[in-house]
Amino acid sequence: MTKNKNKKLMRGNAVVGEAAIKAGCTCYFGYPITPQNQLPEYMSRRLVEVGGVFIQSESEISAINMALGASVAGARVMTSSSSPGISLKQEGISFLAGCELPCVIVNMARGGPGLGNISPAQSDYFQATRGGGHGDYRSLVYAPASCQELADLTMEAFDVADVYRNPVMILADGMIGQMMEPVTYDNYKPREIPPKDYILDGAKDRPSRIIKSLILNPHEMEEFNWKLARKYRIIEKNETKYEEFMMDDAKVAVIAYGTAARIAKGAVKRARNDGMRVGLIRPITLWPFPSEIIYRRAASVGLFFVFEMSAGQMVEDVRLALKGESEIYFYGRPGGIVPTPVEVQRLITRQYYQKGLI
Amino acid sequence: MIDKYAVFVPNLTNRAENFTSGHRACQGCAEALAVRHVLKALGHDIVISNATGCMEIVSSPLPLTAWNVPWIHVTFENAGAVASGVAAGLKVLMRKGKIPEKRIVSVGMGGDGATTDIGLQALSGALERMHKDFLYVCFDNEAYMNTGIQRSSSTPYGAATTTSPAGKDSIGQHTWKKNMAAIAVAHDIPYVATACSSYPFDLQAKVIKAVESGGPAYLHVLSVCPTGWRIPSHLAIKYGRLAVETGVFPLYEVQDGKYRMTADIPKLRPVRDYLSGQGRFRHLTDTDIDIIQKRVTKEYDKLISLHKSNNG
């Protein structure tokens, strides 16, 4: 690896903050909840320096709706929380989608349900990818697996949100939020953003604009829903991201995202050292889900080994993607348990032999 | 006087420890002490709905618990709502004869974040509905201490926290502490009081009065937090006293709309005495302290005049 002088050792939560500022975020609204507190703390200091606005709201509901307000005024805006707080934000996220307003929402997830704990978990997959709030909508969901990816995806998230006028969620967990890694912000390639001709900023010398999600006439509502659906098809086509690791000759494909994918990668490397043909498919966008590549791999892969730090959520998307073409083995550790690569490798090995893939 | 004769103290109060030792509060936590005194005064026939916060976290790491009374942990914003539900549920069960008729106090508990910020809506609803045998206690340590000292609307002007950092361009918290007791008074409820764990007898007397008032009642308890205030852990009691003696946190009660000052302070000490030793205020300049002094004097005078007009 070549040395990059612009690399800085930073904590995951602070990385999100710095990346947001690099992407032109000027408004941040947040509320205390572990394990994402370093992000609002970082923003409270850093946004002042770039002339932005930091407000600690009185609740998560206020934070997401302040974000909606800033978004409709035309600002680049971000809010963050952790699982229980994200639950409170769902109504606001649904309104963002319904009003077609851009916003970046960060979820440093923790174990649940209820107050749960503050350990890293991946049990918010359904909530993030199935909309979470009410109505026929989708949010684009990024699942970074390192601090560098946290930086790259956060910066990209702002552009994607603006291009599609849609809420974008960064779904990580306490592990990625708390760990420190060297990060550069040089990878950012700003996209072309369509002019914001919808924002509300006074109506002197022009017709006033209305932003709303209330459409009482069911025919019009249906038409609006189809319009959103068409937008989501375009997002599926253009924005799906994934990483393949040692998949060329793989007989077993491990599928994992975020923190679990890092553990899985270690397990895959160990299995390879033992001469097993194992690879990893890592979804980087959870919605849109990389179904196509998973389906294509079914032709050469004997077993799909799904590993999640939950009781089994993404595994349903894998099942849908495979359309029954291949077998699935699921290994889950919910509740904030972070297994080791050795543990995951042991299970991969067992499956490898049991399926007679050797 | 009796304070000097420690040997008599246990005889004057409930000996039962309903908030037991062994919980995981920080060293010198005056909030845990406040909870202990409140529970001594409340007795056993209560149901506590405790919002997320320091007292919930430190007291209930499964399978352990510090509570010897019925207790439920609820979402951050809903201690007022759940306590309302408990009061309503008990009422209907008694009315239908399913449980014996007796006074069971539904107690909502929360920190300053859970009360003055996120839980204000639910609390206001509960006070407005005039639930009988309903008490809400706010344990105010003046920031979100549990998550790592973030400012709340109850954080005093000038205090440095992690989300209101003090520096060249910032004094720290730049708004004045929300007057939560006055908001409660505005609901026209039978009993509102401020208290502090540095004045345990006053605190317990107010809890008893709150229950006897029939409810709903609101108690705002200043709970010194050595960790968040950046003071030595053995000085929590002293700083509680200083808050009262300087007029920063006046002790008073409002019974049926009538104000009464409850601490005997012939002459206020300067606020500097209170501010100077605390790490969270260490950046304040003389001008800043003057601004705070003016505000404290003004607010204190307001209370004194209310006290005088209500008590002849």
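## A strand inside chain B

Buried means under 20% relative accessible area, exposed over 50%, and partly exposed in between, with a 1.4 Å probe and protein chains only. Helices (H or I, at least four residues) and strands (E, at least two) are DSSP runs, numbered from the N terminus. With those terms in hand, welcome to this predicted model, in which local features need pLDDT of at least 70, side-chain atom pairs count only at pLDDT 80 or more, and totals for chains, interfaces and linings use all residues. Residues are numbered from 1 along each chain as its sequence is written, chains are lettered from A and ligands numbered from 1 in the order in which they are written, and side-chain values use heavy atoms, leaving out hydrogens and water.

Which strands pair with E4(B) in the parallel sense? Two strands pair if DSSP finds at least two bridges between them. E3(B) runs parallel to E4(B), joined to it by 6 bridges, and E8(B) also pairs with E4(B) in the parallel sense, over 6 bridges.

Another strand of chain B, E9 (residues 252-255), holds Tyr252(B). Tyr252(B) has a relative accessible area of 6%, so this residue counts as buried. The C-alpha atoms of Tyr252(B) and Ala181(B) are separated by 9.7 Å, while the two residues are 71 residues apart along the chain.

## Aromatic rings

Rings of Phe, Tyr and Trp (its six-membered ring) pair if their centres lie within 6.5 Å; planes under 30 degrees apart count as stacked, over 60 as edge-to-face and the rest as tilted. Over all chains, the structure holds 15 aromatic pairs. One of them is the edge-to-face pair of Trp229(B) and Tyr274(B), at 6.4 Å centre to centre and 90 degrees between the planes. Trp229(B) belongs to helix H9 of chain B and Tyr274(B) to helix H11 (residues 271-275) of chain B, so this pair ties together parts that are 45 residues apart in sequence. Trp229(B) is buried at a relative accessible area of 0%, and Tyr274(B) is buried at 2%.

Tyr274(B) also pairs with Tyr239(B): the ring centres are 6.4 Å apart and the planes lie at 55 degrees, so this pair is tilted. It links distant parts of the chain, with Tyr239(B) in helix H10 and Tyr274(B) in helix H11 of chain B, 35 residues apart. Elsewhere, ring pairs link Tyr31(A), Phe76(B) and Tyr144(B) into a cluster.

## Charges over rings

A charge sits over a ring if NZ of Lys or CZ of Arg is within 6 Å of the ring centre and within 35 degrees of the ring normal. In chain A, the charged end of Arg165(A) sits over the ring of Tyr198(A), 3.8 Å from its centre. Lys265(A) lies over the face of Phe245(A), at 4.9 Å from the ring centre.

Most residues other than glycine have a negative phi, and most peptide bonds are trans.

Glu142(B) is not a glycine, yet has a positive phi of about 70 degrees. This residue is found in the loop between strand E4 (134-140) and strand E5 (166-167) of chain B, and Glu142(B) counts as buried at 4% relative accessibility. Arg230(B) also has a positive phi, near 60 degrees. Arg230(B) is found in the loop between helix H9 (226-229) and helix H10 (236-245) of chain B, and is partly exposed, with a relative accessible area of 49%.
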